[in-house]
Amino acid sequence: SKNIFKAYDIRGIVDETLTEEAVTNIGHAIGSVAFEQNIKAIVLGRDGRLSGLRLQTALADGITRAGVDVIDIGMVPTPVVYFATRLLNTGSGVVVTGSHNPPQYNGLQMMLGGDTLYGAAITDLYQRVIDGQLRTAPVKGTVTQRDVLADYVNAICADITLHRPMHVAVDCGNGVGGVVATELLQRLGCTVTELLCDVDGHFPNHHPDPAEPHNLID
């Protein structure tokens, strides 16, 4: 349905408005636009939500149908996907993330050829699916796995030096930040006290939205 196509992303309730079929079709549209722009590969990553893996798999299926390759960097925070688009010279990536929405939500944030998709570019994807303006390649694109977290941590540590040692408490709220936050801060020289850093898409403790003061109580 059209209401999952927002101004800056695509998002909805998994298996209701945001189905695997819809995500495959959106992937097919993204791949079709990429092919027209001579983009050979798109980086995909996902957050820690329970639906993340199957929606990313559906997305990869759609993108590769258009003859575009997928580089799967796994479960990582959103900034790591943007970093990977530079590291791997694709300029293109999609994050499967529900951001700060409740657990039953998920969504897509998209970047093609160095530009984040918003507004008309997102509406265009919807129109392509509706009109069937989708390129089906004679040979599907490939899917390869690549771990970029070490590169991400190294890049930050090469750029930042702490003025003094710090003791930092980190509450990841069972969100995807838990896969890298502690390691990064320790590498920078911090002593870290971890709170809820195991990734759990049920969000059993509190919602991982730091904008809400009640989520900061722990």
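Predicted model: local features only at pLDDT ≥ 70, side-chain atom pairs only at ≥ 80, totals over all residues.
Helices and strands here are DSSP runs, helices of at least four residues and strands of at least two, numbered from the N terminus.

F203 has a positive phi of about 45° although it is not a glycine. Its relative accessibility is 12%, and under 20% means buried, so F203 counts as buried. N89 is also not a glycine, yet has a positive phi of about 55°. You'll find N89 in the loop between α3 and β4 (93-96). At a relative accessible area of 70%, N89 is exposed.

**Helices that cross**

Next, have a look at how the helices meet. Helix α1 (residues 20-36) and helix α4 (residues 120-131) have axes that come within 9 Å and cross at roughly 105°. That angle makes α1 roughly perpendicular to α4. On the α1 side, the contact is made by N25, I26, A29, I30, S32, V33 and E36, and they meet D124, L125, R128 and V129 in α4. Sorted by type, the residues of this contact of α1 with α4 come out as six nonpolar, two polar and three charged.

The axes of α3 and α5 come within 10 Å and cross at roughly 90°. These helices, α3 and α5, are therefore roughly perpendicular to each other. Here P79, V80, F83 and L87 in α3 meet L149, D151, Y152 and A155 in α5. The contact of α3 with α5 has seven nonpolar residues, no polar ones and one charged.

**Aromatic rings**

How many aromatic pairs does the structure hold? There are three aromatic pairs. A pair of aromatic rings is described by the distance of the centres and the angle of the planes. Here is how two of these pairs look:

| Pair | Centre to centre | Angle between planes | Arrangement |
|---|---|---|---|
| Y8 and Y118 | 6.0 Å | 25° | stacked |
| F83 and Y152 | 5.5 Å | 70° | edge-to-face |

Start with the stacked pair of Y8 and Y118. Y8 lies in the segment before β1 (10-13), and Y118 in the loop between β6 (115-116) and α4, so the pair ties together parts that are 110 residues apart in sequence. Are these tyrosines, Y8 and Y118, buried or exposed? Y8 counts as exposed, at 61% relative accessibility, and Y118 is exposed as well, with a relative accessible area of 51%.

Then there is the edge-to-face pair of F83 and Y152. F83 belongs to helix α3 (residues 78-87) and Y152 to helix α5 (residues 149-159), so to speak a link between distant parts of the chain, 69 residues apart. Y152 is buried, with a relative accessible area of 15%. F83 and Y152 also turn up among the residues where α3 meets α5.

One more ring deserves a glance: the charged end of R135 sits over the ring of F35, 3.6 Å from its centre.

**Around L185**

Finally, turn to L185, which lies in helix α6 (residues 181-187). At 22% relative accessibility, L185 counts as partly exposed. Leaving aside residues up to four places away in sequence, L185 touches V168, V170, C190 and V192.

Conventions
Residues numbered from 1 in each chain as written. Heavy atoms only, no water. Axes fitted to C-alpha atoms, helices over the stretch in contact; angles between N-to-C directions. Parallel < 35°, antiparallel > 145°, perpendicular 65-115°, else oblique. Contact = heavy atoms within 4.5 Å. Nonpolar A, V, L, I, M, F, W, Y, C, P; charged D, E, K, R; others polar. Phe/Tyr/Trp six-rings, centres within 6.5 Å; stacked < 30°, edge-to-face > 60°. Buried < 20%, exposed > 50% of the residue type's maximum accessible area, 1.4 Å probe, protein only. Lys NZ or Arg CZ within 6 Å of the ring centre and 35° of its normal.
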